Amino acid sequence: MSSTEHIAGTHVHRDDVGSRMGMWLFLFTELILFGGMFLLYSVYRFQYADEFHLAAKELNTIMGAFNTAVLLTSSLTMVLAIIAIQRDQKTLSILLQLITIFFAIFFLVNKYFEWTAKFHHGIYPGSEELLSKSSGEILFYGLYYVMTGLHGIHVIVGMFLIAVMTRMTRKDIITKDSYVRLENAGLYWHLVDIIWIFLFPLFYLIT
Amino acid sequence: MQIHDKPHEHSHSYGAYILVWLALMALTAITVAVAGMNIGRFTVATALIIASFKAYLVLTVFMHLRSETKTFVVFVIVALLFLGISFVLLFSDYSFH
């Protein structure tokens with residue numbers, strides 16, 4: 001009995017691998033969520049190929065490419081934040097996390113301008129302008145708003161998640177020896193990036 | 001001179017990640033350039049191949065799948081396989097309508 005007490009003081013009850021595996025399992029549910037939408041997209045694109053091409057011409061390729069670069073860079077700063085904490089460079093890690101959040105906000109601001117530009121042209125779900133178009137074009141914009149919108153929600157969630165991690169790093173809850181939370185937030189953030197990697201060519205590059 | 005600390009963990013160098021980031025940016029530029037070239041029905045295929053390669057880089061390097069145990073890799077492959085099955089079943093159903 002006394003020997004267990006002795007061990008209890010030194011043994012850290014933690015399972016980082018299990019923690020990451022749990023995160024991956026969650027990411028698979030996200031894959032199915034977005035996967036279903038990509039399925040829908042692929043069938044309608046097959047069915048209304050010409051209308052999709054026509055509708056996609058309205059989207060701003062440069063804006064889309066720019067946002068792709070923003071998200072890819074934010075993924076880099078996120079992964080570097082993890083290395084920084086592994087190297088016990090706390091301030092650098094916090095700085096990199098803040099830069100990641102900044103890029104997330106930047107992405108959303110771009111998205112905001114992109115959507116409002118569409119709204120000004122009268123292209124939004126249920127608008128007269130849109131409903132007067134062919135059914136293929138209506139479907140394209142329906143999918144565009146739902147898929148980029150759901151992705152946008154994920155960006156917002158990821159941003160708050162990273163903000164919580166930044167606070168934890170500041171308070172020394174996330175340290176050189178215990179950083180699995182930051183890794184898991186990173187995994188989520190990279191998944192959001194991967195989804196965008198597919199959304200970008202499928203909506204912006206089919207002209 | 002640096003002491004090698006825990007080489008079995010994730011690689012601790014910033015440089016490798018910056019290189020992968022550069023590759024991802026270059027691939028983005030390539031996919032935009034290819035889309036503008038008008039190569040007909042190969043456009044979608046090229047865009048998807050490039051996107052898949054980018055996703056592969058993010059999964060293996062940024063998400064550290066390379067340094068995780070085999071179990072993680074099997075998990076991801078199974079998940080992707082089921083998504084693939086959904087696509088195959090959907091399109092086989094769709095083409096016989």
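How many residues does helix 8 of chain A have, and how far does it reach from its first C-alpha to its last? In this predicted model, helix 8 of chain A has 25 residues and spans 36 Å between those two atoms, close to the 36 Å expected at 1.5 Å a residue.

**Helix 8 of chain A**

- The helix is mostly covered, since 23 of its 25 residues are buried.
- Phe200(A) and Tyr204(A) both belong to this helix, which runs over residues 180-204, and they are four residues apart, about one turn of the helix.
- An α-helix has 3.6 residues a turn, so residues three or four places apart point the same way.

**The pair Phe200(A) and Tyr204(A)**

- A pair of aromatic rings is described by the distance of the centres and the angle of the planes.
- The rings of Phe200(A) and Tyr204(A) form a tilted pair, with 5.8 Å from centre to centre and 35° between the planes.
- Phe200(A) counts as buried because its relative accessibility is 0%.
- Tyr204(A) is also buried, with a relative accessible area of 1%.

**The pair Tyr17(B) and Phe62(B)**

- Tyr17(B) and Phe62(B) form a tilted aromatic pair, 6.3 Å centre to centre and with 35° between the planes.
- Tyr17(B) lies in helix 1 (residues 14-36) of chain B and Phe62(B) in helix 2 (residues 42-62) of chain B, so this pair ties together parts that are 45 residues apart in sequence.
- Both Tyr17(B) and Phe62(B) are buried.

**An aromatic cluster**

- Ring pairs also link residues into a cluster, whose members include Tyr41(A), Phe52(A), Trp115(A) and Phe203(A).

Terms used:
Residues are numbered from 1 along each chain as its sequence is written. Chains are lettered from A and ligands numbered from 1 in the order in which they are written. This is a predicted model: local features need pLDDT of at least 70, side-chain atom pairs count only at pLDDT 80 or more; totals for chains, interfaces and linings use all residues. Side-chain values use heavy atoms; hydrogens and water are left out. Rings of Phe, Tyr and Trp (its six-membered ring) pair if their centres lie within 6.5 Å; planes under 30 degrees apart count as stacked, over 60 as edge-to-face and the rest as tilted. Buried means under 20% relative accessible area, exposed over 50%, partly exposed in between (1.4 Å probe, protein chains only). The expected span of a helix is 1.5 Å times one less than its number of residues.
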